[in-house]
Amino acid sequence: MAPKAAATALNPIELRLSGGMMALNRLIMTFQNKRMPVAGLTVGRDGGGMRATILLDCPPETARRYAALLAGLEDVERIEVPEGTLEVALLKTSSDDWRESAARAVVEAHEEGGTVVASGDPESVEAWLDSLGDEVEDIVRLGPVARPGDGG
């Protein structure tokens, strides 16, 4: 009988990059060369420059080792291994049933100007969006770009 594999979870790493697209290219090549178990990558730009949130499908200790490796890259200005990750989604729906299903799925959601703004842990948001099915007319998923308690 084969040994049972260790349970893994999605572990986020958030970093700030300088150097634009060349920095992003070096980051992605590092993922590939080190065979990092990247389950998701969200890249954005704000007033402070380029920011990337990486979801690694590995145990927390392994994610911390990968974070230490990434911290050594010349383009990495700052790196964090946050405790939790939120996913943000904006959607238009043809029904008002999203309120009850969001509460059941433990997804925070409200309507602003005809657009439903929802956030929660990535697995809950994914399950909630799947449960809405054909009721969703349009959707923009921002991905894991925010973290609880992050002030900056």
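Guide: Start with the largest cavity: five residues of its lining are nonpolar, none is polar and two are charged. Nonpolar here covers Ala, Val, Leu, Ile, Met, Phe, Trp, Tyr, Cys and Pro; Asp, Glu, Lys and Arg are charged; the rest, Gly included, are polar. The model is predicted, so local features need pLDDT of at least 70 and side-chain atom pairs 80 or more, while totals for chains, interfaces and linings use all residues. Numbering runs from 1 along each chain as its sequence is written, and side-chain values use heavy atoms, without hydrogens or water.

Now the residues themselves. Leu17, Ala23, Arg26, Leu27, Leu73, Asp75 and Val76 line the largest cavity. The structure holds one cavity of 30 Å³ or more. On a 1 Å grid, a 1.4 Å probe fits in a cavity but cannot get out; a pocket is open, with protein on both sides within 12 Å along at least five of seven lines; lining residues have an atom within 4 Å of a point. Volume is the space filled by the probe spheres.

Next, the largest pocket. Its volume is about 220 Å³. The lining counts 14 residues; Leu10, Asn11, Pro12, Pro82 and Glu83 are the closest to the centre. By class, the lining of this pocket has seven nonpolar, three polar and four charged residues. Strand E1 (9-17), helix H2 (60-71) and helix H4 (122-132) each provide at least two. E1 has the largest share, three residues.

Terms used: Helices (H or I, at least four residues) and strands (E, at least two) are DSSP runs, numbered from the N terminus.
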